[in-house]
Amino acid sequence: MTPELADSPFLRACRRQPVSRTPVWFMRQAGRSLPEYRAVRGGVPMLTACATPDLIVEITMQPVRRYGVDAAIFFSDIVVPLRAIGIDLDIKPGVGPVVAEPIRDAAGIGRLRPIEPGDVSYVTEAVGALTAELGATPLIGFAGAPFTLASYLIEGGPSKNHDHTKAMMYGRPDLWHALMERLTGITIGFLRVQADAGASAVQLFDSWVGAVAPDDYREFVMPYTTRIFAGLADLDIPRIHFGVGTGELLGLLGEAGADVVGVDWR
């Protein structure tokens with residue numbers, strides 16, 4: 001990491017060092033806010049774009065060029081590593097990730113193999129190209145957290161109440177923990193690929209974890225989150241944890257081992 005990159009406001013803030021301005025994360029879907037994104041994505045399925053290095057680079061750079069932001073966020077999707085290891089899923093417009101065969105038994109869990117760098121060579125290529133172009137602007141790599149990935153796999157797609165997910169968590173804790181073990185290893189592997197290729201920070205994104213109560217988070221989720229952050233500690237880059245609707249979980253999210261905890265508007 002160059003001295004200019006290490007001295008960026010974003011990385012200084014992650015290290016809790018004095019900054020001239022406080023970086024703030026504005027989450028806004030590019031498809032709703034950037035005409036150049038809509039132009040380049042026209043007719044290109046989401047998961048195709050996420051596996052095409054030139055498109056990954058272009059889409060990641062668009063907000064950097066337009067706004068001069070303090071950091072870039074790697075263009076990908078939380079289900080990319082699952083697709084890369086052979087899970088039959090797709091992202092349907094207006095719906096979200098849809099899994100052809102939901103995982104609700106030991107045989108399904110057995111289909112989740114470890115991820116290898118060669119499974120996502122397009123990620124390595126894109127990160128390398130991006131870090132060269134970004135120069136002193138940090139690149140944030142990211143991955144979906146095990147609870148959110150588990151929810152998509154168990155439900156078969158987005159869910160409001162996560163009924164099947166909680167049924168496994170409470171009713172078949174053996175299956176739940178086996179599933180979370182597999183997803184933890186996949187998540188660590190996917191984040192390490194990005195870091196090894198040059199990402200300046202990594203973020204663990206838990207979209208649906210706000211659906212669980214604090215006691216359930218501590219028992220069924222936190223051990224795996226903790227293992228992920230511990231498994232990245234040797235990289236010596238900031239580790240960020242973010243969940244949606246997690247006001248009552250923020251203390252626990254902080255205990256899980258991240259350097260930075262994101263909060264949403266709730």
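Let me start with the sheet: five strands form an open sheet in the order β1-β4-β5-β6-β7, with parallel pairing. Strands here are DSSP runs of E of at least two residues, and helices are runs of H or I of at least four, both numbered from the N terminus. Two strands count as paired if DSSP finds at least two bridges between them. At the edges stand β1 (72-73) and β7 (260-262), each with a single partner strand, so one side of each has no neighbour in the sheet.

Before going on, the basis. This is a predicted model, in which local features need pLDDT of at least 70 and side-chain atom pairs count only at pLDDT 80 or more, while totals for chains, interfaces and linings use all residues. Residues are numbered from 1 along each chain as its sequence is written, and side-chain values use heavy atoms, with hydrogens and water left out.

Back to the sheet. Strand β5, residues 201-206, pairs with strand β6, residues 239-243, in the parallel sense over five bridges. In that pair, F205 stands opposite F242 of β6.

Next, salt bridges. The criterion is a side-chain nitrogen of Lys or Arg within 4 Å of a carboxyl oxygen of Asp or Glu. Searching the whole structure gives twelve. One of them joins the side chains of E133 and R65, at 3.8 Å from N to O. It links distant parts of the chain: E133 is in helix α9 (residues 121-134) and R65 in helix α6 (residues 53-67), 68 residues apart.

How accessible are these two? E133 is partly exposed at 43%, and R65 is partly exposed at 47%.

Another salt bridge is E255 to R218, 3.7 Å from N to O. E255 lies in helix α14 (residues 250-255) and R218 in helix α13 (residues 214-231), so this pair ties together parts 37 residues apart in sequence. R218 is partly exposed, at 44% relative accessibility. As for networks, salt bridges with shared partners join E58, R65 and E133 into one.

A further pair is D119 and R113, at 3.0 Å from N to O. R113 counts as partly exposed, with 33% relative accessibility.

Notes
Buried < 20%, exposed > 50% of the residue type's maximum accessible area, 1.4 Å probe, protein only.
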